[in-house]
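Here is a short report on two parts of a protein model. Keep the sequence and the 3D view open as you read.

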Amino acid sequence: MPEEEEELVELKFRLYDGSDIGPFRYSLASTVAMLKERIVADWPKDKKIAPKAANDVKLINAGKILENNKTVGQCRVPFGNLPKEVITMHVVVQPSLAKAKANREKGG
């Protein structure tokens, strides 16, 4: 028997207006930070709200906000016998408004 090939999961990212980015295939070793970078890079240009950096994005899966240092494998919720299903993660954009406002007040 050959070595078991690396398992990939198919993820799509649901935006605030109901549109999606993806689906894309990811290794279970991919980190949440890597997913956020991809989301920012592929963000549709016609959206009014857009993240400027990966830190402006929060990913939610199964009601939990995913941490940047976690891998896709660590975040995956067991779905029984549905490994081939596309997993939808919700994307929330939260620009760092507090930081920007503080910088303006300081004159920076």
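## Ala29 and its setting

Ala29 is exposed, because its relative accessible area is 53%.

Ala29 sits in the loop between strand S2 (20–27) and helix H1 (32–42). Helices (H or I, at least four residues) and strands (E, at least two) are DSSP runs, numbered from the N terminus. Now look for Glu7. Ala29 and Glu7 are 22 residues apart along the chain, and their C-alpha atoms are separated by 9.4 Å.

## How to read the model

The model is predicted: local features need pLDDT of at least 70, side-chain atom pairs count only at pLDDT 80 or more, and totals for chains, interfaces and linings use all residues. Residues are numbered from 1 along each chain as its sequence is written, and side-chain values use heavy atoms, with hydrogens and water left out.

## Thr71 meets the loop

Thr71 also belongs to a loop, the one between strand S4 (64–65) and helix H2 (72–75). Which residues does Thr71 contact, leaving aside its neighbours within four places in sequence? They are Leu28, Ala29, Ser30 and Thr31. Contact means heavy atoms within 4.5 Å.

The side chain of Thr71 also reaches the backbone oxygen of Leu28, at 3.5 Å. This is a polar contact: a pair of N or O atoms within 3.5 Å; within protein, one must be able to donate a hydrogen and the other to accept it, and residues adjacent in sequence count only if both atoms are side-chain atoms.

## The aromatic cluster

Rings of Phe, Tyr and Trp (its six-membered ring) pair if their centres lie within 6.5 Å; planes under 30 degrees apart count as stacked, over 60 as edge-to-face and the rest as tilted. The count here is 2 aromatic pairs. Phe13 and Tyr26 are edge-to-face, because their planes are at 70 degrees, with ring centres 6.3 Å apart. Phe13 lies in strand S1 (residues 8–14) and Tyr26 in strand S2, so the pair ties together parts 13 residues apart in sequence. Phe24 and Tyr26 are edge-to-face too, at 6.4 Å centre to centre and 85 degrees between the planes.

Phe13, Phe24 and Tyr26 form one aromatic cluster. Phe13 is buried at 0% relative accessible area, Tyr26 is buried at 9%, and Phe24 is buried at 18%.

Technical notes:
Buried means under 20% relative accessible area, exposed over 50%, partly exposed in between (1.4 Å probe, protein chains only).
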